[in-house]
Amino acid sequence: DKATNPLNKDLDWDGINAFCEQLNKELEGPPLATRLLAHKIQSPQEWEAIQALTVLESCMKSCGKRFHDEVGKFRFLNELIKVVSPKYLGSRTPEKVKSKILELMYSWTLGLPHEVKISEAYQMLKKQGIVKCDPKLPDDAPFPPPPPRPKNIIFDDEEKSKILARLLKSSHPEDLRAANKLIKEMVQEDQKRMEKISKRVNAIEEVNNNVKLLTEMVTNYSKGETTESNEDLMKELYQRCERMRPMLFRLASDTEDNDEALAEILQANDNLTQVINLYKQLV
C-alpha cells in the first residue's frame, strides 16, 4: 500500500525496496506478492497502477528465480493480459498503463527466455493484434543481461593450465604421459565439484519442501481438532527437520569459498530454525 499509494507525489523507493526485501524473506513471498501486485495493476487509478508496475519491474530485477517462476505462470500473466485486452479491462485502461505492461512483457521475453509462458503470452497478444510492433525499450534496459556462460572450471586453475600447455607442447613421451595424468586429475576434481553442487542443491530442495509442508500443517493446527494421523505426520516432519540441521552445517563448512551458495544454505537453515521453533511453540 505504501509503495503504490495514489497520494504519493513521486515513486516511493523506500517502500518499493522494502516490498522486494519482504518478498525475499517470506517462504510464500512470490505467490503472495504476485496476487497483491495483480490487484494494484488493475486499479482504475492510473498512478496507482503505474506505481504497481514499477514495483513489479523492481522485483523482477532483484528478487531472483523464485519470483521469476511465479510471474512466468499463466495465473499471473492472465491478470496482466486482462488489463491490455479490450475483451476485459483494456477499453477503460489508460494507454500509459497498457504500454508499460507490454514493454515489461517484451523485455522479459528477451531477458528470461527460459520462462516460456511469458513468451507464449506475448506472442498471443501479437496474434490478437494487441501488440502491433515490439515496443522500444528504454536505454537502461529493464532487464539485466543474463550472466556470462561459466568457463570450464577444469581449466580455471591458471597454474595447472600453464603446466598442461607446456607439457602438451613437448615432444618427450614422459611429458605427454604427465600431461595425460594431469588432465585425468583435473577431470576428477571437476567431477567431485559437480557432485558437491548436486548434493547441495538436492539437500536445500529437500529442506525447503519439508519446511513448507510443516509450516502449512503447524499454521493450520488446532489442539483437539487436528486428526491423530496429521499429528503423527507433523511429528515425523519435525523430527526430519531436526535431523537436517547438522547436514546443513556440514554443507556450510564445505561451501566456504562460494558466497552465493553459502547464503542459500544459511537461508535454508533460518527457515528450518523458524519452523522448528514454531512447532515447539504451537504443538
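**Conventions.** I number residues from 1 along each chain as its sequence is written, and side-chain values use heavy atoms, without hydrogens or water. As the model is predicted, local features need pLDDT of at least 70 and side-chain atom pairs pLDDT 80 or more, while totals for chains, interfaces and linings use all residues.

**Domains.** I looked up the domain assignment (bounds from an automatic or database assignment) and found domain 1 at 2–128 and domain 2 at 194–282. Their C-alpha centres lie 31 Å apart. An unreviewed UniProt entry lists residues 3–133 as "domain: VHS"; such annotations may be inferred rather than shown by experiment. I find this span to be 69% helix and 0% strand (DSSP runs: helices H or I of at least four residues, strands E of at least two, numbered from the N terminus).

**Helices α3 and α6.** I checked α3 (residues 46–62) against α6 (residues 95–111): the angle is about 10° and the axes are 10 Å apart (lines fitted to C-alpha atoms over the stretch in contact, angles from 0 to 180 degrees between N-to-C directions). I therefore log the pair as roughly parallel (under 35 degrees). The contact (heavy atoms within 4.5 Å) includes I50 and L53 of α3 and I101 and W108 of α6. Its residues divide into nine nonpolar, no polar and four charged.

**E70.** I located E70 in helix α4 (residues 64–71). At 8% relative accessibility, E70 counts as buried (under 20% relative accessible area, 1.4 Å probe, protein chains only). Leaving out residues up to four places away in sequence, I list P30, P31, T34, R75 and F76 as touching E70.

Notes: Angles under 35 degrees count as roughly parallel, over 145 as roughly antiparallel, 65 to 115 as roughly perpendicular and the rest as oblique. Ala, Val, Leu, Ile, Met, Phe, Trp, Tyr, Cys and Pro count as nonpolar, Asp, Glu, Lys and Arg as charged, and the others, Gly among them, as polar. Buried means under 20% relative accessible area, exposed over 50%, partly exposed in between (1.4 Å probe, protein chains only).
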